[in-house]
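This report describes selected features of one protein model, going from secondary structure to individual side chains. Please keep the sequence and the model in view while reading.

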Amino acid sequence: MSATASSAISVATKPLKSLSLSTRSPLPSAASVAFPTPRRRLVLVACTTGDGSKPTILVAEKLGEAGVKLLEDFANVDCSYNLTPEELNTKISLCDALIVRSGTKVGREVFESSRGRLKVVGRAGVGIDNVDLSAATEFGCLVVNAPTANTIAAAEHGIALLAGMARNVAQADASVKAGEWKRNKYVGVSLVGKTLAVMGFGKVGTEVARRAKGLGMRVIAHDPYAPADRAHAIGVDLVSFDEALATADFISLHMPLTPATSKILNDETFAKMKKGVRIVNVARGGVIDEDALVRALDAGIVAQAALDVFTKEPPAKDSPLVQHERVTVTPHLGASTMEAQEGVAIEIAEAVVGALNGELAATAVNAPMVSAEVLTELKPYVILAEKLGRLAVQLVAGGSGVKNVKVSYTSARATDDLDTRLLRAMITKGIIEPISDVYVNLVNADFTAKQRGLRISEERVLLDGSPENPLETITVQLGNVESKFASSLSESGEVKVEGRVKDGVPHLTKVGSFEVDVTLEGSIILCRQVDQPGMIGTVGSILGESNVNVNFMSVGRIAPRKQAIMAIGVDDQPSKETLKKIGEIPAVEEFVFLKV
């Protein structure tokens, strides 16, 4: 028994171009058969320079030595700091990757100036508000960050500001150094028993909460995306935004800067807070309306504030907020420990090098977000998905244009446990790249499909059995097309290929209605033939005489002595003359050569 669920993406523009890779028996003269040169293919955004040289990585802000060394082992590294926007736009057309921290704005002009060469932007840190993700995605550029290496450092700095603010450490220090001794002026408040509201319960917020609990504080948190069980596991109650504001003695901000969070603390929200509240911000300056905070300080609503980040960095020297006597400030030091700096440098370098190598990126921020564990499990299926897309489109006859794609996944796992976004993206990549001059990767696959009028529908078939493997089969069907290999058509008239992963290796298991079994490596020759003795030997001999190595061969047939399809995996591309000889075998009714 099985159940199905489906979803679809659809847009429309011009149809895709087609590419002829085969003929039917009898084969035309050798001069009339053209085979495209192989294109290098990697799983994601693999970088090629065209001449085999190393890629070039521009490091636009200071990066730890360990990270730079890792980059230099792989690429040509240009460490150019403090570039003007004009200088960055000029340099970027010569670069395959760009690494920045928070001080460099990577806007649409950067991607336009790269003229398609820029494949990866690495943000050495967590926030990515200085990178135009929409433009990056449109231009097919993967954006990766380093979300874990500075987590502890940022949390520790938040706690340091929390405790330092409560005990007036910075103000008392300045007073003593000025020759004063005003013990009564700098009486502080205790943390024990006070309520801390953690606004944003991600990695840093969670670590701040753990440490605050250790200081004897009651911790509540607001985050619309945080799982309640994770909060409860460390003794934190998730509450509404307004409840957090109304009940907190201390507020610690750990949210990203987005349109929804920009100036989320403003005159209206300050008015909802308990009088005498104290605020810590080690997240993003833009989440606080700084003018409103000054007004709240002057009105006594906010007793103190400790800020590591500002809307504009560095802030103006005469900023009323910075100069306010009840405000403690630091110059964006959240990640500034020796350990964190080195960790961030290594983490972002590994992410950028991995992305340029075509590896799945668990830290991608403008691609389908999938955990590292899921990425590892899905990796062979991702490869299978792209290869099935490539095979399917090569079976389309010239002039028929691909518009409709149906993808079916069979699995014993529940629909909620199977994330197919990666697989859909790679099928799209496989379909579009062989018949287009557009470079497609995981980032821009959906965008490119929509631009070309490619309509993709997905169907998930739930199987009985053990969900040990994420998938049993993937089937790709192209509708409303003509096929250059008639046997690839399903009963409903669509070009159909199906595959599965066996022992970690992608296999082609069905073409049209014919069962086959051939590894998806190298290239494949598909022959429809009369099922008779000696066919495998005859074809094998022709390939052997031409020094073409056969790595796999499989025959699927309707019935004995009827029609059969022979799938032959070859390591090398046969010459036109060799293919002509195969086509001239009397029992061969049609065949096609496919690049995997």
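## Basis of the description

Helices (H or I, at least four residues) and strands (E, at least two) are DSSP runs, numbered from the N terminus. The model is predicted, so local features need pLDDT of at least 70 and side-chain atom pairs count only at pLDDT 80 or more, while totals for chains, interfaces and linings use all residues. Residues are numbered from 1 along each chain as its sequence is written, and side-chain values use heavy atoms, with hydrogens and water left out.

Thr261 is found in the loop between strand E11 (250-253) and helix H10 (267-271). With a relative accessibility of 12%, Thr261 counts as buried, a term that means under 20% relative accessible area, whereas exposed means over 50% and partly exposed lies in between (1.4 Å probe, protein chains only). Leaving aside residues up to four places away in sequence, Thr261 touches Met255, Pro256, Gly286 and Val287, where contact means heavy atoms within 4.5 Å.

Phe591 belongs to strand E24 (residues 588-595) and is likewise buried, at 3% relative accessibility. Its C-alpha atom is separated by 9.1 Å from that of Ile565, which is 26 residues apart from Phe591 along the chain.

## The parallel sheet and its helices

An open sheet is formed by 5 strands in the order E4-E3-E5-E6-E7, with parallel pairing; two strands pair if DSSP finds at least two bridges between them. Strand E4 (76-79) and E7 stand at the edges with a single partner strand each, so one side of each is left without a neighbour in the sheet. Strand E3 (residues 56-59) is joined to E4 by 4 bridges, and Ile57 stands opposite Val77 in E4.

Helix H1 (residues 65-72) packs on the sheet, where it touches E3, E4 and strand E5 (97-100), and its direction makes about 145° with that of E4. Helix H12 (residues 338-356) lies across E3, E5, strand E6 (120-123) and E7, and runs at about 170° to E6. For these angles, axes are lines fitted to C-alpha atoms, for helices over the stretch in contact, and the values run from 0 to 180 degrees between N-to-C directions.

## An aromatic pair

Rings of Phe, Tyr and Trp (its six-membered ring) pair if their centres lie within 6.5 Å, and planes under 30 degrees apart count as stacked, over 60 as edge-to-face and the rest as tilted. By this rule the count comes to 1 aromatic pair. The rings of Phe111 and Phe139 have centres 6.4 Å apart and planes at 20°, so this pair is stacked. Because Phe111 lies in helix H3 (residues 108-114) and Phe139 in the loop between helix H4 (133-138) and strand E7 (142-145), the pair ties together parts that are 28 residues apart in sequence. Phe111 is buried, with a relative accessible area of 1%, whereas Phe139 is partly exposed at 32%.
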